[in-house]
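Please look over the protein below together with its sequence.

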Amino acid sequence: MKKTKLALIMGLSVGVFFTSCSSENDQVKDSGIVEQSSENPGLKPVPQEVVDAAAKLELNVEHIRYDNFYFPDGTSEVRLFIEEDVVMTEEQLFTLAKAKEEGLSGRQYSTNNLVSQGRNISIIGYTGGGGYGLSSKEQTALQWAVNNYNRLSGVSISFTLTFGTNYDDKDMVVYRNPNQSGSGGSAGFPSGGLPYKFVQIYGLSGYTTNVNEHVITHEIGHSVGFRHTDWFSRQSCGQNVNEGTAGVGANHLSGTPTGYDSTSLMLACFSSNEDGEFNSNDIRALQTMY
C-alpha cells in the first residue's frame, strides 16, 4: 500500500513550521531537506549558534539549511529548514531553545495551546491565481472536511466556510502550494486562542476527493491543536522515529490509545484509499479538547 507523509507545520506562539515530503516508489523520502554542502549551499551559511539552539531542542543538527517558505499570495521569506521537515525563523528557533532551557515541555497527542472554547472559526478556501487556488475537487474536499468537524456533537468549536481571495480577516485559509514537490499538506498549531492560519496542500490532483478530504481534515486538525497520533514512532510511514515535543507539547488525551492507532485520521502518513473520516478515537480526542 502506497503511503505518503502528511507534513506538520507548527505555529504555536513562536510559529514552528513543518513542511511536507514526496513519495519515491512505495517509500516516501523528504523533498528538499538535504545536508548543506558545496553542491547545495543553501541561501547562506548556517552559524554555530543556530546549530547549538537546534541541539537544545533535540533536533537533528546534521541537516540544517536556509530556504524559502511560500505564502498564498506567492510571496516568500527565508527560513531555516531543520531535520526531516522542521521549518522556522532564527528568532523562533532561539525562542524555543530558551523556552526549553526554562523547562517548558509536554508529552503525547495535543499541543499546549488550543483554540478558545466555543469559537466559530472563519475559514476560506483560496481561489486566486498563480497556481495557489484550490481546484474544484479540492474545494469539494474542503467542504467535506469542514463538515467532518461541524457534524460532531459535544465539540464546542465550529467552522464557517467561504471561498474567495480575501483572507486577511479570516481565521484560516486553505490553499495549494505549487512550489512544493510530493503529495500532502502542512499546517500549524494554535496561538492566542486562534487556530493556525495557513493550511497548505499540494500534489493531490491525482488522488480521489476522499483522499483530498483526508489531508485537509488532517491539516485543520493540526491548526486546532492535534499532534500526529503516531508522533512517537511515525509507524504509519514505516519508520521508527520520535518527532519529539518540538517545544509545543504532545499531551495525551484522556480516553484515547497511547499506542499505535492504525485507522486514526491524524497518522503522520496517509494511503491512497483513505475515506477522509475521523475514527472514534479522533472524535473522542476532539470532544476532550473542546
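What follows is a short report on helix packing and on one residue's surroundings.

## Basis of the model

This is a predicted model, in which local features need pLDDT of at least 70 and side-chain atom pairs count only at pLDDT 80 or more, while totals for chains, interfaces and linings use all residues. Residues are numbered from 1 along each chain as its sequence is written, and side-chain values use heavy atoms, with hydrogens and water left out.

## Helix 3 against helix 4

Helix 4 spans residues 209-223, and helix 3 packs against it at an angle of about 55° with the axes 8 Å apart. That angle makes helix 3 oblique to helix 4 (angles under 35 degrees count as roughly parallel, over 145 as roughly antiparallel, 65 to 115 as roughly perpendicular and the rest as oblique). Residues of helix 3 that meet helix 4 include W144 and Y149, and those on the helix 4 side include I216 and I220 (contact means heavy atoms within 4.5 Å).

## Q139

Q139 is found in helix 3, which covers residues 136-150, and touches T127, L134 and F163, leaving aside residues up to four places away in sequence. The C-alpha atoms of Q139 and F163 are separated by 8.2 Å, although the two residues are 24 apart along the chain.

## Helix 5

In helix 5 (residues 280-289), N281, D282, A285, L286 and M289 are buried, that is, under 20% relative accessible area with a 1.4 Å probe and protein chains only. They cover an arc of only 140° around the axis, so they lie on the same side of helix 5. The buried residues of helix 5 pack against helix 3.

Technical notes
Helix = DSSP H or I, 4+ residues; strand = E, 2+ residues; numbered from the N terminus. Buried < 20%, exposed > 50% of the residue type's maximum accessible area, 1.4 Å probe, protein only. Arc of directions from axis to C-beta. Axes fitted to C-alpha atoms, helices over the stretch in contact; angles between N-to-C directions.
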